[in-house]
Amino acid sequence: MSVEELYQKYVPPTRTEIRRLDGAPLGPGVPSHSVVPVWLGSFCEEVSDPRITISDFGEAWLNTDPSPGEELHTPPIYLPPETTFAKDSISFPADIWTLACTIHEIMGERPLFECFFGDRNDVISEMISTIGLLPEDWWKMWEARGEYFLEDGTWRTDMKRRRAPRSMPLSERIQLMGRKDEPDFSAEEAESYEKMLRAMFQYYPEKRATAKEVAKSDWMTRWGVPSLRAYDIQIPCDLS
């Protein structure tokens with residue numbers, strides 16, 4: 001495909017001039033303009049009969065090796081808390097935490113622990129806002145806790161790193177994730193969905209639900225799997 005054909009199929013690049021706020025000349029390492037990325041995908045409304053497969057969460061390792069080491073290359077908002085507080089315990093339960101984040105993002109159309117240009121401490125504060133306080137030993141290990149909380153676990157009213165000093169628990173976030181004016185879930189399904197996620201969002205990895213327990217959970221068997229079968233999607237394992 002030639003450059004001209006590429007521009008005809010999509011659009012010519014949009015160039016934006018770069019200027020300093022103080023009007024001074026740009027430094028030698030600064031480009032004169034930026035180019036807005038071209039959109040090569042399709043809107044979800046235009047996609048029919050999609051088949052989505054999750055290959056890994058940024059890193060994969062053999063199931064014969066129970067641990068990938070002390071660092072995961074998963075995007076920060078999906079990283080489980082043990083990657084900060086108990087790096088020697090990183091193993092398969094880390095995938096359960098990240099899977100829970102992924103499920104909710106698919107269902108709710110936005111990340112659960114969403115931070116606008118936040119760092120790891122912002123993500124941890126979002127975990128606490130959603131799930132509850134960290135275990136006491138991890139709470140004491142978290143050096144940045146004073147930027148968000150008082151020592152009794154209440155939010156600082158004078159903090160600089162969050163918009164509102166209050167929690168938004170998981171149940172509230174589930175009710176707010178509807179795609180229309182009405183919530184997507186009935187009260188019964190919302191309760192079942194929250195129960196499944198809470199089992200996956202246990203802070204200590206050894207207390208987290210296993211993959212088999214998630215697959216056989218009430219929400220997965222009553223709502224998740226039937227929805228897949230309604231679209232004639234193959235289930236790769238026996239969930240009976």
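How far is the sulfur of Cys-101 from the closest cysteine sulfur, and in which residue does that sulfur lie? In this predicted model, the closest cysteine sulfur to that of Cys-101 belongs to Cys-115 and is 11 Å away, too far for a bond. Cys-115 is likewise in no disulfide, the sulfur of Cys-101 being its nearest at 11 Å. A disulfide requires two cysteine sulfur atoms within 2.5 Å, and by this rule the count of disulfides is zero.

Two residues have computed accessibilities that place them under the 20% cut-off for burial:

| Residue | Relative accessibility | Class |
|---|---|---|
| Cys-101 | 2% | buried |
| Ser-192 | 8% | buried |

Ser-192 belongs to helix α7, which covers residues 187-200. Its side chain reaches the backbone nitrogen of Trp-219 at 3.0 Å. With neighbours within four places in sequence set aside, Ser-192 is in contact with Asp-218, Trp-219 and Trp-223.

Helix α9 runs over residues 218-230. At 1.5 Å a residue its 13 residues should span 18 Å, and the C-alpha atoms at its ends are 18 Å apart, so the two values agree.

The buried residues in α9 are Trp-219, Met-220, Trp-223, Gly-224 and Val-225. An α-helix has 3.6 residues a turn, so residues three or four places apart point the same way. The buried residues of α9 pack against α3 (93-108), α7 and α8 (211-215). Just after α9, Asp-232 takes a positive phi of about 60°.

Methods:
Residues numbered from 1 in each chain as written. Predicted model: local features only at pLDDT ≥ 70, side-chain atom pairs only at ≥ 80, totals over all residues. Heavy atoms only, no water. Helix = DSSP H or I, 4+ residues; strand = E, 2+ residues; numbered from the N terminus. Buried < 20%, exposed > 50% of the residue type's maximum accessible area, 1.4 Å probe, protein only. Polar contact = N/O pair within 3.5 Å; in protein donor to acceptor, adjacent residues only side chain to side chain. Contact = heavy atoms within 4.5 Å. Expected span 1.5 Å × (residues − 1).
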